[in-house]
Amino acid sequence: MLTFIGLGLYDERSVTVEGREALRAADRVFAEFYTSRLVGADVADLEAYHGVDVEVRDRAGVERDPEPILEAAADGDAAFLTAGDTMISTTHTDLRLRAEERGIDTRVIHGVTAQSAASSLTGLQNYRFGKATTLPFPYAHGGDDVPASVVETIEANRERGLHTVVYLDIKVGTGPSGPDPDHEEYMTADVAADLLAEGWADELAVAVARAGSPDAVVAADRLSALADREFGDPLHLLVIPGDLHHVEADALVGLADAPEALVEE
């Protein structure tokens, strides 16, 4: 059996009860933290709290060399952990398909995701969100601007009146000059807002910082204004709202301190 377990958003306690039981019962436990991470816990915290040894795999160790994970699942019960929900990344769908092809039973125990938390924290209705996008560091796509794919996604959603979740780039093990095992970098909401403000300076946006933590921050304002603020430790994301229902507008004012005149535009 290979069990994919989403750890949720914050620390070693954010996993569901079902996930906790499966994690502790596994013969071997693997994890990756290059797609996301727990902001309130490290690997040692996970190991101590759950009484397990966690084998952390890098991207190559999951995508190109998954054999140790598959062998462990073929011989016993293996757990594969990520922050959030394990099936948000297509990488892990590929791993699940590889296991199924070898006759290994699989199951998924879901965790809270950043997108569902963004909807809950901002008060923006989840069914009014369109396609999400990821804003990379400029060096990661070889330019100094916002990639056309990001602009196209936001504009397409705005034309349909839909909100856009903009995930912010994470670089773990890879830096500006290439592979670097010591490199760990997280784009912040102010940096993202500054990049996006080049095209939408006066547009409303919502910064969400440390969703799932006791000190989560939700702040709504013009992109140009958000670019001048600091939001503290990662992880961060941005939401670009589309058309606002009056309840959503009230929520942004009441929950995210949006200027009333801005949500009424």
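Trainee: Which residues have the most contacts inside the largest nonpolar core?

Mentor: A nonpolar core is a set of buried Ala, Val, Leu, Ile, Met, Phe, Trp, Tyr and Cys residues joined through side-chain atoms within 4.5 Å. Buried means under 20% relative accessible area and exposed over 50%, with partly exposed in between (1.4 Å probe, protein chains only). Here the largest core has 25 residues, and Leu-135, Leu-196, Leu-223 and Leu-238 have the most contacts inside it. This is a predicted model, in which local features need pLDDT of at least 70, side-chain atom pairs count only at pLDDT 80 or more, and totals for chains, interfaces and linings use all residues. Residues are numbered from 1 along each chain as its sequence is written, and side-chain values use heavy atoms, leaving out hydrogens and water.

Trainee: Which element gives the largest share of this core?

Mentor: Helices (H or I, at least four residues) and strands (E, at least two) are DSSP runs, numbered from the N terminus. H9 gives the largest share, seven residues.

Trainee: Where do the buried residues of H11 fall, seen down its axis?

Mentor: An α-helix has 3.6 residues a turn, so residues three or four places apart point the same way. In H11 (residues 246-256), Glu-248, Ala-249, Ala-251, Leu-252 and Ala-256 are buried. They line one face of the helix, because they fall within an arc of 160°, taken from the directions from the helix axis to the C-beta atoms. The face turned away carries exposed His-246, Asp-250 and Gly-254.

Trainee: What follows H11?

Mentor: Asp-257 follows H11, and its phi is positive, near 55°.
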